Amino acid sequence: MAKKKTKKVVKKRKSNSSKDKGIKTAREKMIGQHIGYRYDVNLLPDYNRLTPFLKKYIEHMGWDDLNWLEDVHMGYEDGKPAVFDRNINGWVTTPPKLKLPKDQQDRDMIARELLIKFQMSSNHPLVTLKKAYKKN
Amino acid sequence: MASLKKHKSQEMGLHDEVLTGRTQQVFFNPEESENFFYHDAYDVDFNKRTEIDAKNLDCREINDKIKNMMSKGYGTIVIKNPGSKHSVGVGILNKLNLIVDGSLGYFGIGSVDGPTVRISGRVGWSCAENMMAGKVVVEKNAGSCFGAAIRGGDLICKGSVGARSGIDMKGGTIIVGGDAGAFTGFMMQRGRIVILGDVGPNLGDSLYDGTIFVGGSIKSLGADAVEAEMTDLDVAWLKRKLKVSEIDKKVDFKKMTKIVSGKKLWNYDNLEPTERKGAI
């Protein structure tokens with residue numbers, strides 16, 4: 001019986017170029033590596049762009065401004081828009097159907113809203129964790 | 001490893017997420033009803049007020065009483081005779097109006113997430129250490145390491161603060177009405193420090209990121225701390241924040257000095273993206 005000819009599949013070796021995408025600034029060229037942040041982590045919020053939800057949140061908490069949310073920005077994880085949740089030390093991706101505006105100030109406001117909804121949800125991972133470990 | 005697999009948190013998949021670096025799933029429906037509080041937070045009313053006399057209580061008893069009062073719906077709690085006791089008002093993960101009628105010792109109001117706290121006296125070292133959210137106002141002076149490692153919220157001292165204020169801070173805002181000591185903003189990673197008075201030597205030494213605004217003179221800058229230009233957004237934010245801080249002082253914001261990181265010591269460069277995410 002003749003043996004079936006099988007095509008040798010030569011796996012192309014992945015180049016390391018994906019890691020180096022986005023090397024633009026002089027500093028990045030010098031170190032040969034992309035500096036992670038794709039957004040300005042020090043950007044101060046523009047209060048003219050507060051969403052109605054955030055206004056309500058501020059009122060409910062009895063604060064005068066965004067407080068801790070001033071440090072929340074829309075970032076990226078694996079190329080997808082995501083917001084960082086410090087409580088789980090992980091990124092929360094935006095819902096796939098959500099259309100994001102181009103302006104970072106507007107994107108940040110949406111990131112803040114998303115993070116509150118995630119953290120305060122009864123489905124947040126820490127709720128389950130607390131149920132398992134809470135001391136009585 | 002077999003024992004690890006049986007672990008409750010392993011079953012939930014939390015460890016897998018961290019180890020593989022996969023993006024967290026979205027665990028909620030964005031259309032679900034509005035909720036502004038943590039799942040198990042106490043429903044408190046700011047208009048419901050009570051007092052705790054701390055004279056014969058130790059710090060643990062005071063903290064237990066605060067929690068007990070919150071569970072009964074009290075939204076405004078006044079602590080009388082705090083006697084500069086240490087570690088008072090720590091771990092409050094709730095909205096609350098806490099008033100301390102006197103001074104606190106070290107590590108007061110640490111690891112809080114949400115409350116508004118007013119302290120009529122002074123505070124010892126490491127006040128509001130690891131604060132996550134909320135507002136803390138100290139009417140008089142504070143010791144060293146004021147706001148050590150804070151991650152969010154507004155921490156205000158109307159007087160002067162000691163050395164290493166905002167050391168290792170990862171977010172939030174520290175506002176000082178008076179002067180600040182040496183190594184202010186040491187190893188700061190994110191957030192903002194505003195000092196309306198003068199600052200001691202080595203301001204912002206080894207800061208990775210974040211912004212420091214100074215109204216008075218600076219004795220010297222630390223390694224990799226550099227001066228930057230003030231923007232209109234900075235001025236607008238400073239005006240707003242000073243109102244929030246309740247510091248009654250006339251300041252020419254445009255004349256303030258802005259200090260940022262020169263990013264020459266940026267150790268993040270050597271980290272892989274998954275490692276880096278833990279620092280932001």
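Helices, in what follows, are DSSP runs of H or I of at least four residues, strands are runs of E of at least two, and both are numbered from the N terminus. On that basis chain A has 5 helices and 3 strands, arranged along the sequence as α-α-α-β-β-β-α-α.

Before going further, some conventions. This is a predicted model, in which local features need pLDDT of at least 70 and side-chain atom pairs count only at pLDDT 80 or more, while totals for chains, interfaces and linings use all residues. Residues are numbered from 1 along each chain as its sequence is written, with chains lettered from A and ligands numbered from 1 in the order in which they are written.

On confidence, the predictor assigns the complex an ipTM of 0.82 and a pTM of 0.83. The pLDDT, the predictor's confidence in each residue from 0 to 100, averages 87 in chain B, where 83% of the residues score at least 70. Over residues 1-22 of chain B, pLDDT stays under 50. For that stretch the model has 14 contacts beyond four places in sequence, a contact being two residues whose C-beta atoms, placed from the backbone, lie within 7 Å.

Let me turn to chain A. Its 3 strands form an open sheet, ordered β1-β2-β3, with antiparallel pairing; two strands pair if DSSP finds at least two bridges between them. Strands β1 (74-77) and β3 (90-93) of chain A have a single partner each, so one side of each is left without a neighbour in the sheet. Neighbouring strands are turned by 60 degrees against each other on average, direction ignored. Strand β2 (residues 80-85) of chain A is joined to β3(A) by 4 bridges, and A:Asp85 has A:Gly90 as its bridge partner.

Chain B contains an open sheet of 11 strands with mixed pairing, in the order β1-β2-β3-β4-β5-β6-β7-β8-β9-β11-β10. Its edge strands are β1 (45-53) and β10 (225-228) of chain B, and the twist averages 20 degrees from one strand to the next. Within this sheet, β4 (residues 113-119) and β5 (residues 133-138) of chain B pair in the parallel sense over 5 bridges, with B:Thr116 opposite B:Lys135.

Where does B:Gly108 lie? This glycine is in the loop between β3 (97-101) and β4 of chain B. B:Gly108 is buried, with 31 other C-beta atoms within 10 Å; a residue is buried at 20 or more such atoms, exposed at 12 or fewer, and partly exposed in between, with C-beta atoms placed from the backbone. Beyond four places in sequence, its contacts include B:Ser87, B:Val123 and B:Cys127.

Finally, the cores. A nonpolar core is a set of buried Ala, Val, Leu, Ile, Met, Phe, Trp, Tyr and Cys residues joined through C-beta atoms within 7 Å. The largest has 66 residues, and B:Ile77, B:Val136 and B:Val176 are among those with the most contacts inside it. Helix α4 (residues 59-71) of chain B supplies the largest share, 4 residues. Apart from this core lies another, of 16 residues, including A:Ala82, A:Ile110 and A:Phe118.

Notes. Axes are lines fitted to C-alpha atoms, for helices over the stretch in contact, and angles run from 0 to 180 degrees between N-to-C directions.
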